[in-house]
Amino acid sequence: MAYSLGIDGSTQSMSAIVIDLDDNRVVCECAINFGERLPHYNSPNGFFYGESSNEVYSDPLMWLDAIDLLFDELKGLCDLSKVKAISGAGQQHGSVYLNSKWHNTINNLDPNQPLSKQIQPCLSRSHSPIWMDTSTTLECQEIAQALGGNNIICQKSGSVAIERFTGPQIRRFYKTSLEAYPNTARIHLVSSFICSILSGQDCPIDTGDGAGMNLMNLETNTWDTELIHATAPNLEDKLPNIVQGDTIVGKLSDYFIEKYGFAKEVSIVVFSGDNPSSLVGTAASSPGKTVISLGTSDTFFAAMPSTVSDPNGYGHVFGNPSGGSMSLQCFLNGSLAREYVKDKFGYTWDQFTDALSETPPGANGNCMLPFFSHEISPLYQGNDPLLKGNSNFENWRSPKLSIRACIEGQFMNMKIHTEWMQMIPEIIYVTGGASKNTAIIQILADIFQAEVQRLEVSGSVALGGAIRAAQHSLDFSLEALEEHFCTIGSEVIKPNKANKEIYEKASETIQSMLLTL
Ligand code: ADP
Ligand code: XUL
């Protein structure tokens, strides 16, 4: 019997899926929500703010405690000795800073001590900047200037210099922490950090996640010397190697074997970013399928037959873990913006959903750009949503219309900002926490005028990890794994053609609001 295990270290939780490769079934899924299970880290949504609202961090020790909790729960849910392969993913761009004790500590983890206690002395920076951090505008400008312009950075790395990307984040750390930066021996992404913990050795970064750093050359898949030099001194020594997504990086460490009952010789395949992993988990790693993930961030992505870049500079090209590249557009105001509107009126998700059924498409001509925090697609540095409509609506006195206008505004903005990918999807595959809400998905179908399908497994990031582990270390074919595990749920949401014109008209209003930013 062979099981494969996939792990997802995302913004709000650490989760896992175990799949049975003989019976082709999901054995179990499990998630540790950081805010609920580890409240003492004061990160109700998995992150906390720094001195200003554009500095956003997570505590890497919280991720480690969550790994211990996750494996403890998994042990009760299935026979972990049957697991033969592991891979997974982490939220993209976030970075972990480790001192010279790291290499020795990671090779000698003691199963009688929690992970967090052992790794804590290895941190050269107590907190990790994550993808929601937009504090590095100056550093982006400096890197662009050193390279001779953002066009060159985009050509080399697949994206212009972007605030949340790891390179600009490292530069800011170097400039503001003159002692801690030289004390940093290794800088990991969230994905390569978790992978290293599992394999008990320092692990490489894959090309999928490496492309989200503004440091990797997309053509050579190696660190780009000019980008590295423009970012921070001696940076090359502090970064792990880059490898292709099919690389086996090692075996599961004794820490997990002794503590949680795994067998010896469990292979670990290099981890990737959450979005590239989701591309695999939604069976979209060959060109032709469009995926929208409605998680903490909303993302729109697809494997690309050829590389196209966003002329506005907001979009990205990442490595596709199955080879080639993928395009991605990320929206910061995703689930947390939806929650903000829900909580503003004290609604439950059921009441939120009812509000969508009780209001007409187009929200009676009221429009919203629900940017409750800084936005990245497009760039917006404020914390105030933009509202345009009648005075009750503009003064938040129409709760139900506000809810509808929030969802409609999110998806119209998404449609406008993904046109550069030149994809006119006939079918959209949805994943992520909000994708289970059919009322939300109907609006998505109507705005894109495309059929929307959901996968049976909602955790496509973890599933992508389990599939990649089985494919690359146990020689299962991707096609067979997709056929067995990436099955489509029975509910297909069809677009309502009658709403096409309503949304085309509303999009003109949204366009005019975007011009005022
Ligand atoms: P991430 O992987 O980025 O941590 P998830 O994909 O797990 O996030 O999504 C979590 C989000 O799902 C929550 O923040 C919540 O807003 C959203 N969510 C959960 N249930 C619903 C629902 N019924 N309707 C809409 N959104 C929901
Ligand atoms: C992608 C991005 C987010 C994070 C967190 O560029 O910033 O989607 O990966 O999910």
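How many residue pairs are in polar contact between domain 1 and domain 2? In this predicted model, the count is five, with both residues of a pair at pLDDT 80 or more.

The domain assignment divides the protein chain into domain 1, residues 3-273, and domain 2, which is made of 284-456 + 487-517. Their centres, taken over C-alpha atoms, are separated by 28 Å. Domain 1 brings 28 residues to the contact, and domain 2 brings 19 residues.

The size of an interface is often given as the accessible area lost when the parts come together. Here domain 1 and domain 2 bury about 1800 Å² between them, and 59% of this area is on carbon and sulfur atoms. Of the area that domain 1 buries against domain 2, 26% comes from Trp131, Thr134 and Arg164, more than from any other three residues.

On the side of domain 1 that touches domain 2, helix H6 (150-157) and helix H9 (207-210) are the elements that give two or more residues. That side of domain 1 holds nine nonpolar, 17 polar and two charged residues.

The model also contains ligand 1, which is surrounded by 14 residues. The closest are Ser10, Gln12, Thr296, Glu339 and Gly433.

| Residue | Atom of ligand 1 | Distance |
|---|---|---|
| Ser10 | oxygen | 2.9 Å |
| Glu339 | oxygen | 2.4 Å |
| Asn437 | nitrogen | 3.1 Å |

For Glu339, the side-chain atom concerned is an N or O atom.

Key
Residues numbered from 1 in each chain as written. Chains lettered and ligands numbered in written order. Predicted model: local features only at pLDDT ≥ 70, side-chain atom pairs only at ≥ 80, totals over all residues. Heavy atoms only, no water. Domains from an automatic or database assignment. Contact = heavy atoms within 4.5 Å. Buried area = accessible area lost by both parts, 1.4 Å probe. Polar contact = N/O pair within 3.5 Å; in protein donor to acceptor, adjacent residues only side chain to side chain. Helix = DSSP H or I, 4+ residues; strand = E, 2+ residues; numbered from the N terminus. Nonpolar A, V, L, I, M, F, W, Y, C, P; charged D, E, K, R; others polar. Near = heavy atom within 4 Å.
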